[in-house]
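Colleague: I would like a close look at one part of this model, the charged pairs, and at the packing around them. Please take them in one connected account.

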Amino acid sequence: MSDYDKTLHDALEAMGPTGPEALVPPDDHLLEDGRILRLRSGYNTRELGGFDTPHGPTLRHRFLRCGSTRSLTQSDLDIFRVWGVTRVADLRSYGESPQLSCRFARQDWVTWDNVALYDYDMSAPAMTPVRDIGGYFVQGYLHMLSSQAAVCRLFEFFAGAGPEECVLF
């Protein structure tokens with residue numbers, strides 16, 4: 001067993017059968033910039049806390065962003081559990097059937113919800129921009145923000161997290 005796997009195993013053992021109880025994530029899951037999580041199959045998973053604001057830094061270990069949760073390994077799920085992730089908001093459209101492909105939807109230690117910010121499949125080949133990639137993303141974000149009901153639901157989901165919970169979206 002590698003040192004990395006042993007650290008993960010020990011952290012999971014420390015959690016016991018009832019789940020995370022304010023467990024501080026081990027630093028060795030972060031890459032050198034202190035923001036990107038080292039996962040075997042997760043895409044662009046990053047810590048969103050710790051940024052400076054006029055009122056002090058934002059809290060760490062509260063929000064994580066992941067580019068895709070489709071192909072997460074069990075080891076990756078274990079790392080999220082160690083990090084204290086207890087709530088997952090899947091932003092894919094309903095047409096993408098996220099409840100069938102998201103492994104978090106089947107975990108008993110996670111509150112999972114599909115909050116579709118788009119009413120179409122953003123990953124479909126027809127959606128891939130040929131030119132003007134900047135305009136493509138701008139239009140995509142504007143469309144997402146125009147979905148007020150979904151944005152409100154997403155913020156309600158975030159607000160439902162307790163003070164020791166971490167939300168992944």
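How many salt bridges does the structure hold?

Modeller: This is a predicted model, and it holds two salt bridges. One of them joins Asp 90 to Arg 92, with the closest N and O atoms 2.8 Å apart. Arg 153 counts as partly exposed because its relative accessibility is 31%.

The nonpolar packing comes next. The largest nonpolar core has 17 residues, of which Leu 37, Leu 64, Phe 80, Val 85, Phe 104 and Leu 168 touch the most other members. At least two residues of this core come from each of α2 (74-82), β3 (85-90) and β5 (166-168). The most is given by α2, which supplies three. Leaving aside residues up to four places away in sequence, Leu 168 touches Leu 64, Phe 80, Val 85 and Phe 104, among others. Its contacts also include Arg 65, Arg 87 and Ala 89. Ala 89 is itself listed in a second, separate core of 14 residues, which also includes Ala 150, Val 151 and Phe 158.

Definitions and conventions. Residues numbered from 1 in each chain as written. Predicted model: local features only at pLDDT ≥ 70, side-chain atom pairs only at ≥ 80, totals over all residues. Heavy atoms only, no water. Core = buried A, V, L, I, M, F, W, Y, C linked by side-chain atoms within 4.5 Å. Buried < 20%, exposed > 50% of the residue type's maximum accessible area, 1.4 Å probe, protein only. Helix = DSSP H or I, 4+ residues; strand = E, 2+ residues; numbered from the N terminus. Contact = heavy atoms within 4.5 Å. Salt bridge = Lys/Arg side-chain N within 4 Å of Asp/Glu carboxyl O.
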